[in-house]
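Hi,

Here is the structure I promised to send over.

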Amino acid sequence: MGNLNMPSRWRQDFPVPSGEDSYVTRREFTKFLGLTSLAFLIGTCAAVGRKLVTQFFPRQLGSVAVADIHEIPVGGYKLFRYPTEDDPCILLRLAEDKFVAFDQRCTHLSCPVLFDAARKQLACPCHEGFFDAEDGRPLAGPPKRALAQLSVTTENARVLVRGASAVGAVYDRAFGAPACEGCAVTDRAYSKNEPVRGQQEVTA
Amino acid sequence: MSPGIQKRNRLNVVLQMVTALITAILLGQLWLFTVTLDAMESSAVSMSVAIAAAVCSLMACGTVWVLIRFFLSTEHSETGE
């Protein structure tokens, strides 16, 4: 026969005093619904505001030389980082005079995409997403959005890339965003003829 | 059934109806939020779509507020609290 004065095992494991239970009043419940709706409205307005800032005040990043023209054969590619060391990008040479560059992160879940020169596609090995190497648009698989494309120019036998950040210039002016350190590192390395991080990834 | 219990039952029915309406509106607002998030990330979605979604969300929030006011006024008229 057990001791009736001792609390049962489950009460010891879950010591929730019933006296502290409280009911939700109707007013509290309606208040919760109203605040939820307000939270959705604030989130929607914040997203629209960010799109407005991005569209009307795009932050233009400087051009960066990422490769020599003769460094990459036709059908080859090179990995580089732009605008910061945390932003992997891929430069493709599709034809003798045609270079394209994209953000290397898949628009599905940010896996790095790989170049398939035979099919002229960028393939994401994680979930078998495929992008057109010409313009980065999704061809198959889970990705629905195109890869972010950088503008590419050639000058003095060097390939220059340039892109616009999603963060607006207004944000930079307000909060004093740092300069593009990745670009500075890249330019400095080229001026000293030193290898740049990712430069060894040149294949045909 | 005492008048007090009848009154409480009526209020519960009103609350359930209001809750059902507000839940539907909140689901719509959630969808609008995903539309604007998509617009924020993708340049393919135009700005007018994002602004229209924000306006609709504002109207939905206003409707929720009106429904809550309606419920509270009903409660006040029924109970005097």
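Let me start with a pair of residues in chain A: A:Leu122 stands opposite A:Phe131 in S8(A). The strands involved are S7 (residues 121-124) and S8 (residues 129-132) of chain A, which pair in the antiparallel sense over 4 bridges. Strands here are DSSP runs of E with at least two residues, helices are runs of H or I with at least four, and both are numbered from the N terminus. Two strands pair if DSSP finds at least two bridges between them.

Some housekeeping: this is a predicted model, so local features need pLDDT of at least 70 and side-chain atom pairs count only at pLDDT 80 or more, while totals for chains, interfaces and linings use all residues. Residues are numbered from 1 along each chain as its sequence is written, and chains are lettered from A and ligands numbered from 1 in the order in which they are written.

Back to the sheet. S7 and S8 belong to an open sheet of 4 strands in chain A, in the order S6-S7-S8-S9, with antiparallel pairing. Its edge strands are S6 (114-116) and S9 (138-140), each pairing on one side only.

Elsewhere in chain A, S3 (residues 77-81) pairs with S4 (residues 88-95) in the antiparallel sense over 5 bridges, and a hairpin of 6 residues joins S3(A) to S4(A). A:Leu79 sits opposite A:Ile90 in S4(A). S3(A) is mostly covered, with 5 of its 5 residues buried (20 or more other C-beta atoms within 10 Å of the residue's own, with C-beta atoms placed from the backbone).

Now for the two chains together. 18 residues of chain A are in contact with 28 residues of chain B, where contact means C-beta atoms, placed from the backbone, within 7 Å. Helix H2 (residues 26-56) of chain A and helix H1 (residues 3-41) of chain B have axes that come within 9 Å and cross at roughly 15 degrees. Axes are lines fitted to C-alpha atoms, for helices over the stretch in contact, and angles run from 0 to 180 degrees between N-to-C directions. H2(A) and H1(B) are therefore roughly parallel to each other (angles under 35 degrees). Among the residues that meet there are A:Leu33 and A:Phe40 in H2(A), and B:Ile22 and B:Phe33 in H1(B).

Cheers

Notes:
Two residues are in contact if their C-beta atoms, placed from the backbone, lie within 7 Å. Angles under 35 degrees count as roughly parallel, over 145 as roughly antiparallel, 65 to 115 as roughly perpendicular and the rest as oblique. A residue is buried if 20 or more other C-beta atoms lie within 10 Å of its own, exposed if 12 or fewer, and partly exposed in between; C-beta atoms are placed from the backbone.
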